[in-house]
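Okay, everyone, thanks for coming. Let me put the structure up on the screen and we'll walk through it together.

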Amino acid sequence: MASDDRTRIIPRRTPESAAMTASVKRAMALTAALNRLTFDDAAQVRALFSDLIGKTVDDGFLLIPPFFTTGGTDISVGRNVFINQNCTFYDLGGLDIADDVMIGPNVSLITSGHPIEPAQRRACVVAKPIVIERNVWIAAGAIVIGGVTIGENSVVAAGSVVTRDVPPNSLVGGNPARVIRSIAG
């Protein structure tokens, strides 16, 4: 199985696998509490999300529940970030969200998966980071796959599947997402 220095491989039935399972259970308990909150509970949402990721988010952070994640502790969030409702973050590979990012409803950021080879599929989890640079907008229903960096000021069109890096100042769309045009800065 090919990997690079950003790839994390977690074999089944190992201490690292047990830690991953414990992290998922912790995240499910915290997100269940978070998902009982409403738009009007912004301060409580910020407090629970801060507990979830293990870092305090700023007062400009806004998340509209429901929200789902597999861990939380591998998420890093900058200032003035907006996350709309029904987003799913599989963060095992690391998820770095910079300042002024907007994430639309039903967006999935998926850093982990399984080997393609049938004989290896259940043997491990493979994870690669996602980096979302400053002032990015990811529109409704987009899916971003691990190993991708979305460049500063870029826009991911609704319903896109992002499998490759997005250059800064670009509009991308489609499945797989391709550069549609440059965005003036």
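Before we look at anything, one term: when I say contact, I mean heavy atoms within 4.5 Å. Also, this is a predicted model, where local features need pLDDT of at least 70 and side-chain atom pairs count only at pLDDT 80 or more, while totals for chains, interfaces and linings use all residues. Residues are numbered from 1 along each chain as its sequence is written, and side-chain values use heavy atoms, with hydrogens and water left out.

A couple more terms and then we're off. Helices (H or I, at least four residues) and strands (E, at least two) are DSSP runs, numbered from the N terminus. Buried is under 20% relative accessible area, exposed is over 50%, and partly exposed is in between, with a 1.4 Å probe and protein chains only.

Let's start with helix H1, residues 15–34. The expected span of a helix is 1.5 Å times one less than its number of residues. For the 20 residues of H1 that gives 28 Å, and the end C-alpha atoms are 28 Å apart, so the two agree. Which residues of H1 are buried? They're Ser17, Ser23, Ala27, Leu30, Thr31 and Leu34. They cover an arc of only 145 degrees around the axis, which means they sit on the same side of H1; the arc is that of the directions from the helix axis to the C-beta atoms. The face turned away from that buried side carries exposed Pro15, Lys25, Met28 and Ala29. And what covers the buried residues of H1? The cover includes strands E1, E2 and E3 (67–69), plus helix H2 (42–53).

On to the strands. Two strands pair if DSSP finds at least two bridges between them. E1 (residues 8–11) runs antiparallel to E11, joined by 4 bridges, with Ile10 partnered by Val125. E10 (residues 112–113) also pairs with E11 in the antiparallel sense, over 2 bridges, and there Ser112 is partnered by Ala127. Within E11 (residues 124–127), Cys124 and Val126 point one way, Val125 and Ala127 the other, and all are buried.

There's also an open sheet of 7 strands with mixed pairing, in the order E2-E5-E8-E13-E16-E18-E19. Its edge strands are E2 (62–63) and E19 (177–182), each pairing on one side only. E2 and E5 (residues 82–83) are parallel over 2 bridges, and Leu62 stands opposite Phe82.

Buried or exposed? At 5% relative accessibility, Ser170 counts as buried. Its side chain reaches the backbone oxygen of Pro167 at 3.1 Å, and a polar atom of that side chain lies 3.2 Å from the backbone oxygen of Pro168. Leaving aside neighbours within four places in sequence, Ser170 is in contact with Ser154, Val155, Val179, Arg181 and Ile183.

Of its 38 residues, Phe49, Phe67, Phe89, Leu109, Ile132 and Ile138 touch the most other members. H2 gives the most to this core, with 5 residues. Not counting residues up to four places away in sequence, Ile132 touches several residues, including Leu95, Ile97, Val101, Leu109 and Ile150.

Methods: Polar contact = N/O pair within 3.5 Å; in protein donor to acceptor, adjacent residues only side chain to side chain. Core = buried A, V, L, I, M, F, W, Y, C linked by side-chain atoms within 4.5 Å.
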